[in-house]
Amino acid sequence: MEFDVLIIGGGVSGMSAALLFGSAQHKPFMADKKIGIIVHQKTSSLQTAVFNNAYGIPAGKLGSELLEESKTQLASLYPHIQQIENEKVLEITGEKDNFTVRTNKNHYLTKNVIVGIGAGNPFTIAGLDKFVMPHQKAAPEKNRLQLKNEDYVVKPGIYVVGTLAGLRSQLMIAAGSGAAVATDIMTLWNDNTPVQIHDALPKE
């Protein structure tokens, strides 16, 4: 199975990227683009979260509810984005336009990879070891990790989002990073013409 972008991680940053790719489905530069997301959520920090301070989210909303609702929303609105359930990524090998992502069940070929699995220690995906470093915006006693990156780019074709990108653990920050990377990739597909994806009410 081959993708133009394979997103690793079904938390807020990965899902935010997937939703934006989905929303852009009718743009000319998205023609024939294949997007997949490995929606592994078991270790997401959202599993134990409750939100009272996140813009647009009702007070008291559980993170575990958001995780499930995001999968349903993606499947309902953008079924062309392939959700891959119950697989854990073990290794990423290759170079831009020719990556192989190996899980505990399958191998996938992809031109680009977005990694958003959280900042837990140890980092368990082989192939990116030389980019792993202590998290620069987490308290030392938390023992968190990040991937060295420049504007979310780890190396050509591999992007990192969320806390693993070195961002603070706030839902809205993580969501913004996923949106940023999705629009950066789509800008490249759009011959470097800046892309913004907005849905709007129809004009009367």
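Predicted model: local features only at pLDDT ≥ 70, side-chain atom pairs only at ≥ 80, totals over all residues.

Student: Why is the pair of Phe 3 and Tyr 108 called tilted?

Tutor: The ring centres of Phe 3 and Tyr 108 are 6.1 Å apart and the planes sit at 50°, so tilted is the word.

Student: What parts does that pair of Phe 3 and Tyr 108 tie together?

Tutor: Phe 3 is in strand E1 (residues 2–8) and Tyr 108 in strand E8 (residues 107–115), so the pair ties together parts 105 residues apart in sequence. Strands here are DSSP runs of E with at least two residues, helices are runs of H or I with at least four, and both are numbered from the N terminus.

Student: Are Phe 3 and Tyr 108 buried or exposed?

Tutor: Buried means under 20% relative accessible area, exposed over 50%, and partly exposed in between (1.4 Å probe, protein chains only). Phe 3 has 5%, so it is buried, and Tyr 108 has 5%, so it is buried too.

Student: What makes Phe 21 and Trp 189 an aromatic pair, and of which kind?

Tutor: Their rings are 5.9 Å centre to centre with 40° between the planes, and the pair is tilted. Phe 21 lies in helix H1 (residues 12–23) and Trp 189 in helix H3 (residues 171–189), so this pair ties together parts 168 residues apart in sequence.

Student: How do you know that Phe 21 and Trp 189 are buried?

Tutor: Phe 21 has a relative accessible area of 0%, so buried it is. Trp 189 has 19%, so it is buried as well. Leaving aside neighbours within four places in sequence, Phe 21 is in contact with residues including Val 5, Ile 35, Ile 114, Ile 185 and Trp 189; contact means heavy atoms within 4.5 Å.

Student: What lies over the face of Trp 189?

Tutor: Lys 33, at 4.9 Å from the ring centre. The test for a charge over a ring is NZ of Lys or CZ of Arg within 6 Å of the ring centre and within 35 degrees of the ring normal.

Student: Now the charges. How many salt bridges are there?

Tutor: Seven. Each needs a side-chain nitrogen of Lys or Arg within 4 Å of a carboxyl oxygen of Asp or Glu.

Student: Which residues does Lys 61 link with in a network of salt bridges?

Tutor: Glu 65 and Glu 69. The N to O distance is 3.9 Å for Glu 65 with Lys 61 and 2.9 Å for Glu 69 with Lys 61. Lys 61 has 17% relative accessible area, so it is buried, whereas Glu 65 at 34% is partly exposed and Glu 69 at 38% counts as partly exposed.

Student: What makes Arg 102 and Glu 91 a salt bridge?

Tutor: Their side chains meet at 3.2 Å, N to O. Arg 102 is in strand E7 and Glu 91 in strand E6, so the pair ties together parts 11 residues apart in sequence. Arg 102, at 30%, counts as partly exposed, and so does Glu 91, at 25%.

Student: Which side chain does Glu 87 join in a polar contact?

Tutor: Thr 103, at 2.7 Å. A polar contact is a pair of N or O atoms within 3.5 Å; within protein, one must be able to donate a hydrogen and the other to accept it, and residues adjacent in sequence count only if both atoms are side-chain atoms. Glu 87 itself lies in the loop between strand E5 (82–84) and strand E6 (89–95).

Key
Residues numbered from 1 in each chain as written. Heavy atoms only, no water. Phe/Tyr/Trp six-rings, centres within 6.5 Å; stacked < 30°, edge-to-face > 60°.
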